[in-house]
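Could you walk me through this structure in my viewer? I am new to it and would like to know what to select at each stop.

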Amino acid sequence: MTGARGDADPQAARASGADAGGSASSPVSPAPVVTLGETMALMTGARMGSLAHVDQMHVSIGGAESNVAVGLSRLGTPVRWIGRVGDDSLGRRVVRELRGEHVEVRGIVDPDAPTGLMLKELTGPGTARVLYYRSGSAGSRLSPDDLVPGAVEEAALLHLTGITPLLSDSAREACRTAVRRARAAGVPVSFDVNYRRALAPESVAAEVLSEFAESADILFGAVDELALVLGTEPNHAAVRESLKERADSAGVSHAPRLAAEVVAKLGEDGAAVFVTGEAAGAESLAHGAALREVQVDGHRISVVDTVGAGDSFVAGYLSGRLGGLGVEERLIRANACGAYMCTAPGDWEGAPTPRDLASFGAAGADPVQR
């Protein structure tokens, strides 16, 4: 998890990429980022405690891919979400909320399955337990037929997570189809491992998620998630060594494909980008391996809700990449986005704008904006 210091943060302005008016100063691609997956209705307890006793709930929506979509939209990046919802009130809420956030919705209304549901118990300050009711849901019935011609080919970037391929066979084929079409059209592919143990055991997930990780140009994951797809021990040193070995063997016919950028979320210590292949350029390691590591500090904050922080992190990184920022600046923005998200309740409601990032952690900032 990333967070925010209460003291002066010299990275704040660099994270925002914004001018005084709050608009992104870096150029933004007019083509949209395309993402696909399941967005569910989300019901959160109105206070801390077990849902066996909490008597009121807040209703919203949530889904990793749509969380990223909202984060990108708020940062000024055009974005399109593709998914299925049920022909019900919750499905209509999903579509309305995303469109209200200026996300282009390519939603398929499924008359034969309900919109999925997740419940969130607030177990303590900044902690929660999430329960999923998505078996047989409309979102799990996503299929290759839902990807109309041009839906992927006209994208600036395709973003997927490891959640969707584990929902069902048809959803996995939809993701495979999207990746094949993106690669054929020269569209970069971003993949966030985002492993959910409730969907599959590690033995099953490792094979499926490794396939998509090896198809990605940008790979995101916590250290244990990267270890899962790399087949190594779940620690920073082991992940780094595995990436170095793959970089050394790049171009060898039997070697697994290696993403140009591997973004490791390191918790409170911040995050790191392992830049591989041609992207490492002249800054490759002295030993000759095409691998270098860029790392920036995290933030310390008073945490309200950590759910959605990783998705906000991804949105910050991708928006910076598409806006022409260098690797370090992308990472600074990603960390700030993830930290900012933790300061507000909800899976996506706290996603920052460039103006928010510009004032985030600024020295002497008035806590009340007038």
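Start by colouring this predicted model by pLDDT, the predictor's confidence in each residue, from 0 to 100. The mean for the protein is 83, with 82% of residues at 70 or more. Now select residues 1–14, where pLDDT stays under 50. The model gives this stretch 43 contacts (heavy atoms within 4.5 Å) beyond four places in sequence. Residues 18–29 are also below 50 in pLDDT. Where pLDDT is low, the predicted coordinates should not be read in detail.

A word on the ground rules: residues are numbered from 1 along each chain as its sequence is written. Local features need pLDDT of at least 70, side-chain atom pairs count only at 80 or more, totals for chains, interfaces and linings use all residues, and side-chain values use heavy atoms, leaving out hydrogens and water.

Next, switch to cartoon view: the protein has ten helices and 13 strands, taken as DSSP runs (helices H or I, at least four residues; strands E, at least two) and numbered from the N terminus.

Now find the open sheet of four strands, in the order 3-2-6-7 with mixed pairing; two strands pair if DSSP finds at least two bridges between them. Strand 3 (57–62) and strand 7 (127–133) are at the edges with a single partner strand each, so one side of each has no neighbour in the sheet.

Select strand 6 (residues 117–124): seven bridges join it to strand 7, and the two run antiparallel. Zoom in on Leu119, whose bridge partner in strand 7 is Leu131.
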